[in-house]
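Colleague: I have a model on my screen and would like to learn how to read it. Could you walk me through it?

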Amino acid sequence: MNENDLRDCFAMFALCGILSCDYSVDEAPATLAYKYADDMLEARRPKEDGIVAIKKTRKKLT
């Protein structure tokens, strides 16, 4: 599954959620669903916050 397929899948589920709610939205539901899908794809991307801390490990005593 490539990123475009994943975007369509996210938009499909977002559209189901939008249409299942009883409140009205200001813009077209499909347009809003793709905005949500783009936000979901952005959230999946790893964020680099610098150097990862090294955790100390303890050796088990036998």
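**Reading the model, feature by feature**

Modeller: Let us start at a residue after the last part we will study. R58 is found in the segment after α2, the helix of residues 29–44. Keep in mind that this is a predicted model.

Colleague: Is R58 buried or exposed?

Modeller: We read that from the relative accessible area, and over 50% counts as exposed. R58 has 82% relative accessibility, so R58 is exposed.

Colleague: Now the helices. What span should α1 have, going by its number of residues?

Modeller: Count 1.5 Å a residue. Helix α1 covers residues 3–20, which is 18 residues, so the helix should span 26 Å. The end C-alpha atoms of α1 are 26 Å apart, which agrees.

Colleague: How does the check come out for α2?

Modeller: α2 has 16 residues, so 22 Å is the span to expect. The end C-alpha atoms of α2 are 23 Å apart, which agrees.

Colleague: What caps the N-terminal end of α1?

Modeller: N2 does. A side-chain oxygen of N2 lies 3.2 Å from the backbone nitrogen of N4.

Colleague: Which residues of α1 are buried?

Modeller: Under 20% relative accessible area means buried. In α1, that gives L6, F10, A11, A14 and I18. These residues cover an arc of only 135° around the axis, so they sit on the same side of α1.

Colleague: What covers the buried residues of α1?

Modeller: The cover includes α2.

Colleague: Which residues of α2 are buried?

Modeller: L32, A33, A37 and L41 are buried in α2.

Colleague: Which residues make up the largest nonpolar core?

Modeller: Think of a core as buried nonpolar residues joined through their side chains. The largest one here has 9 residues: L6, F10, A11, A14, I18, L32, A33, A37 and L41. Both α1 and α2 supply at least two residues each. α1 gives the most, with 5 residues.

Colleague: What does L41 contact?

Modeller: Again leave aside the neighbours within four places in sequence. L41 is then in contact with E3, L6, R7 and F10.

Colleague: And A37: buried or exposed?

Modeller: A37 is found in helix α2. Relative accessibility is 0% for A37, so this residue counts as buried. Beyond its neighbours within four places in sequence, A37 is in contact with R7, F10 and A11.

Colleague: How far apart are A37 and N4, in sequence and in space?

Modeller: They are 33 residues apart in sequence. In space, they are 10 Å apart, C-alpha to C-alpha.

Colleague: Now the cysteines. How many disulfides does the structure hold?

Modeller: A disulfide needs two cysteine sulfur atoms within 2.5 Å. The structure holds 0 disulfides. For C9, the nearest cysteine sulfur is that of C16, 9.8 Å away. For C16, the nearest is that of C9, also 9.8 Å away.

Colleague: What is the accessibility of these two?

Modeller: C9 has a relative accessible area of 24%, so C9 is partly exposed. C16 is at 49%, which counts as partly exposed.

Colleague: Where is C21 found?

Modeller: In the loop between α1 and α2. C21 has a relative accessible area of 32%, so C21 is partly exposed. C21 and D8 are 13 residues apart in sequence and 20 Å apart in space, C-alpha to C-alpha.

Technical notes. Residues numbered from 1 in each chain as written. Predicted model: local features only at pLDDT ≥ 70, side-chain atom pairs only at ≥ 80, totals over all residues. Heavy atoms only, no water. Buried < 20%, exposed > 50% of the residue type's maximum accessible area, 1.4 Å probe, protein only. Helix = DSSP H or I, 4+ residues; strand = E, 2+ residues; numbered from the N terminus. Expected span 1.5 Å × (residues − 1). Arc of directions from axis to C-beta. Contact = heavy atoms within 4.5 Å. Polar contact = N/O pair within 3.5 Å; in protein donor to acceptor, adjacent residues only side chain to side chain. Core = buried A, V, L, I, M, F, W, Y, C linked by side-chain atoms within 4.5 Å.
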